[in-house]
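Q: I would like a close look at a single part of this model. Please take it step by step, in plain words.

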Protein chains: 2
Amino acid sequence: MDVGGLVKRVLNGDRRAVARAISLVEDAAPELREIVSGLAEHTGRARIVGLTGAPGVGKSTSTSALVKALRERGDSVAVLAVDPSSPFTGGALLGDRVRMQEHATDPGVYIRSMATRGHLGGLSWAAPHALRILAAAGFGTVLVETVGVGQAEVDIAAHADTTVVLSAPGMGDGVQAGKAGVLEVADVFAVNKADREGARAAVRDLRQMVAQVDRDPGEWKPPVVSMTAAEGEGVDDLIARLDEHVEHLRASGGLHARRRERARREIEGIAMEELTRRLADVRGHAALDKLADEVAAGADPYAAADTVLAALES
Amino acid sequence: MDVGGLVKRVLNGDRRAVARAISLVEDAAPELREIVSGLAEHTGRARIVGLTGAPGVGKSTSTSALVKALRERGDSVAVLAVDPSSPFTGGALLGDRVRMQEHATDPGVYIRSMATRGHLGGLSWAAPHALRILAAAGFGTVLVETVGVGQAEVDIAAHADTTVVLSAPGMGDGVQAGKAGVLEVADVFAVNKADREGARAAVRDLRQMVAQVDRDPGEWKPPVVSMTAAEGEGVDDLIARLDEHVEHLRASGGLHARRRERARREIEGIAMEELTRRLADVRGHAALDKLADEVAAGADPYAAADTVLAALES
C-alpha cells in the first residue's frame, strides 16, 4: 500500500481515501502508525460533538437534522457512528445510514459507521484515530454518534469537545440520566419528540437534576433543549447551545484540557493495543497451551500469568 | 483481612464468604491472588451452564424455572448474573433478583449479580474467578446469565461448558441468531413463550439454520427446545438436552478442551489486568501529562506510546 499517497489524499478530503483509512482503523492495520503519524499535525481543527442516548429517542433523526442545520450555515460535517459493543447492531446502524440518504449527494457531508469490537484497547484507541482522519480531511464538525447509554457511550464523551445526551418523553430517561455517568458527561441535554405527551415533564425533571449539582462559579451548567428533530424544530436552539459551550471551553481553558485528555487516552489505547499484540504472540506459543492445561487441572492461574508476563518482557 | 479464613469459609459453602469473595472480584482487590490460588485445586467439579438472549425473551423466568427443576432432582445451583457492559442495567438485574425471591430461603440456591465494568481485562478475567468461587463453594451447577446478545455475551460462552441461547417468538431473534457469533456459541437453543403466536415458526427457523451448518460426523448438533418457562413447560426437556450435551463433551474430549480454553482466557485476563495496573501507575506520572500535551498540540501519538511502553518495561 502507498501509505504516503493515502495520507495526501486524506488531507485533500478524498472520500475514498477517508473510507479506506477508517477501514484500516477497524482492522487495526499495521499501516495505521504511519498514517496517524502523517496526519497528526493536521488534526486539531475540527469541532467534535458527541451524541448519545438510549435506543428509540431519535438519535438518527436528530443527527440528520443537525447535519442539515449545520450545512445551512456553511459548515462541513462528518458523522461517525461508533458501534462499540456488539456484532449484532451493525444492521441497525446500516438502517440509520439509509435514512441519511438525503445528504448522500452533498460533498460537504460524510457519514460512516465504525465497528470497534475485538480491540482490547477498544474505543480509547480507535475513536481518536478515526476523528483524526475526519479532521485531517477538513470537516469543520464531526458528530460522533453512539448507540445506547452504556459505559462505552460514557467513554465516548472523553473524545468529544461537547457531548449531547438525547432523550425522549416516556423513555424513563430522566431516571437513566440520574444514574452515575450520564449527568457527569452531558454538556447539553436535548429532549427530542417535544410534541409528545410528557415532554415538558421530561425537560423539567432534567433541569431539576442539573440544578442539584454543586458547581463552582463560572462552571458550565448544562442547558436542557427541547426539540422535535423530525420537524426541524428546536434544532437551531441546540446548535446555539453547542456554540456557547465551545466558546465557554475556549474561554475557560477547558478545550485544551479535553483535548489533552483525549490525547492521553489515545496514547494509552495505542500502548494497550501493542501489549495485546505481544500477548497474542505469546498465546500462539505451545507454552500457553501447557500452562492452560495445568490451570484447568487445578494449578494456580496467577502463577501461570506470571510466567506469561515474564515471556512478554523477554 | 484474614484471607486464609475466607478461603476456608468459601470451601465450607459459607454464603457470606462467597458474597465477600465475589465482591473482591468486582473490586479487582489485591487479595484475589491469594484467594484464587487457595481455591484453584477445588474448582473443577461444577457444571457451568451459560444462558444468554436478548432483553424480553424471558431470561429471568427461564433461569428461575431451571433452578426449580434442578433443585427438584437434588442438584445445588448458583446463578451468576453477569452485567458486562453498562452501569445503567444494575437496576434491572436487581429487579430480576427480586423475582427470584421464591428461592430465597433455599440453602441449595445462591443468586448473585456481578458487575465487571471498568476492567480492561473484563469478563475474561472476572468471570472465571467468580466461577471458581462458586464451584469451590460446592454448587453442582452454576448458571451464568448474561444480558443481551452482544460481544460480551458471546464471550461468556467461552466460560461455560454448555451455552443456551434463549429467544422468544416475534423478537426477531431468528435474524439475530443468524448473525455472526450466536450460531457458533449456542450448544442448545431454547424458544421461550411457546404458547405465543409465531413460536412454531421460530423453532422451525432455528432448526433450519442449525441444519445449514456443515458438521463433521459425530459433531454436536444444537437441539432446539420449545418451552414456556413461566408455566414450567418444556424445562425438563431443556435439562435433558443440557445433560446430553455434557455427556457428549465428556465422551468427545470437548469438556477438557473447553476448560483449557477457559483457563487460557483466565491466564490472559490476569496478565492484561496486571499490565493495565502497570499502565495506570505510569499514567499517574507527570511524564504522561507532558506527552499528552504534546500530542494534543500535533505530535505523533505512536511515538508517545513508545515512550510509555519503554517506561513500563523499566
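Is Ala21(A) buried or exposed?

A: Ala21(A) is buried, with a relative accessible area of 0%. Buried means under 20% relative accessible area, exposed means over 50%, and partly exposed lies in between (1.4 Å probe, protein chains only). This is a predicted model, in which local features need pLDDT of at least 70 and side-chain atom pairs count only at pLDDT 80 or more, while totals for chains, interfaces and linings use all residues. Residues are numbered from 1 along each chain as its sequence is written, chains are lettered from A and ligands numbered from 1 in the order in which they are written, and side-chain values use heavy atoms, with hydrogens and water left out.

Now place the residue. Ala21(A) sits in helix 2 of chain A, residues 15-26. Helices (H or I, at least four residues) and strands (E, at least two) are DSSP runs, numbered from the N terminus.

Next, its partners. Contact means heavy atoms within 4.5 Å. Neighbours within four places in sequence are set aside, and Ala21(A) then contacts Val10(A), Leu32(A) and Ile133(A). Take Val10(A): it is 11 residues from Ala21(A) along the chain, and their C-alpha atoms are 8.1 Å apart.

Val10(A) leads on to the core. A nonpolar core is a set of buried Ala, Val, Leu, Ile, Met, Phe, Trp, Tyr and Cys residues joined through side-chain atoms within 4.5 Å. The largest one has 106 residues. Val10(A) is among those with the most contacts inside it, and so is Leu134(B). Residues touched by Leu134(B) include Val18(B), Ile22(B), Leu80(B) and Phe139(B), again leaving out residues up to four places away in sequence.

For contrast, turn to charged pairs. A salt bridge is a side-chain nitrogen of Lys or Arg within 4 Å of a carboxyl oxygen of Asp or Glu. The structure holds 40 of them over all chains. One joins Asp243(B) to Arg73(B), with the closest N and O atoms 2.8 Å apart. This pair links distant parts of the chain, 170 residues apart. Asp243(B) is in helix 11, and Arg73(B) is in the loop between helix 4 and strand 2 of chain B. Asp243(B) is partly exposed at 25% relative accessible area. Arg73(B) is partly exposed too, at 45%.

Another salt bridge joins Glu244(B) and Arg241(B), at 2.9 Å from N to O. Those two are 3 residues apart in helix 11 of chain B, so about one helical turn separates them.
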